[in-house]
Amino acid sequence: MEQSSVEVSNQDPVVQFSIFTENKVGQLSDLTCLFSQAEIHILAITTLDTTDSAIVRVVVDDPDQAKRLLQQNNVSFSESQILAVEIAGEHDVELVLKALLETEINIHYIYAFLSRPLGRSALAMSIEDMDIAIDILGARNHKVLNQGDISR
């Protein structure tokens, strides 16, 4: 990966929403319907539940519109930047993780994108040091995605 591509990734990071909701039947369905009705596409999703509440983490194709929608509907959420790395298949997961391990970068959590163009998938990762991770993955020819790469 060329250095200029790495710089673009830093300037246009992938946005993740952590949405806080009650842990009850239908909440996840209601959330996905809300996005669908606004023609916002969920590209990656994971949930973490506890007895009383849940955190739904999503990456969408239009974070600005998603933010407005969540605010208009009084949905409790936070925004953060994540590292998104394109992978060709399951064998690439090991290569990405090894590269991060060798530089001793902690991964807080990881989940996969649902779909991407050309049949390529991607990993969504919350990591300790975004800049170093982007540099090391770029040096190893892993494509680090920016928000523009995943938007429709």
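**Exercise 1.** Is Glu 94 buried, partly exposed or exposed, and what relative accessibility does Glu 94 have?

*Solution.* The model is a predicted one, in which local features need pLDDT of at least 70 and side-chain atom pairs count only at pLDDT 80 or more, whereas totals for chains, interfaces and linings use all residues. Residues are numbered from 1 along each chain as its sequence is written, and side-chain values use heavy atoms, with hydrogens and water left out. The classes are set by relative accessible area, with buried under 20%, exposed over 50% and partly exposed in between (1.4 Å probe, protein chains only). Glu 94 has 47% relative accessibility and therefore counts as partly exposed.

**Exercise 2.** Work out with which residue Glu 94 forms a salt bridge, and where the two residues lie.

*Solution.* A salt bridge requires a side-chain nitrogen of Lys or Arg within 4 Å of a carboxyl oxygen of Asp or Glu. The partner of Glu 94 is Lys 98, and the closest N and O atoms are 3.1 Å apart. Next, locate the pair, taking helices (H or I, at least four residues) and strands (E, at least two) as DSSP runs numbered from the N terminus. Both residues belong to helix H4 (residues 90-102), where they are four residues apart, about one turn of the helix. Lys 98, with a relative accessible area of 42%, is partly exposed.

**Exercise 3.** Describe the salt bridge between Lys 67 and Glu 79, including the elements that the pair links.

*Solution.* The side chains of Lys 67 and Glu 79 meet at 3.2 Å, N to O. This pair links distant parts of the chain, since Lys 67 sits in helix H3 (residues 63-72) and Glu 79 in strand E4 (residues 76-87), twelve residues apart. Lys 67 has a relative accessible area of 32% and is partly exposed, and Glu 79, at 38%, is also partly exposed. In total, the structure holds five salt bridges, among them one between Lys 24 and Glu 22 (4.0 Å, N to O).
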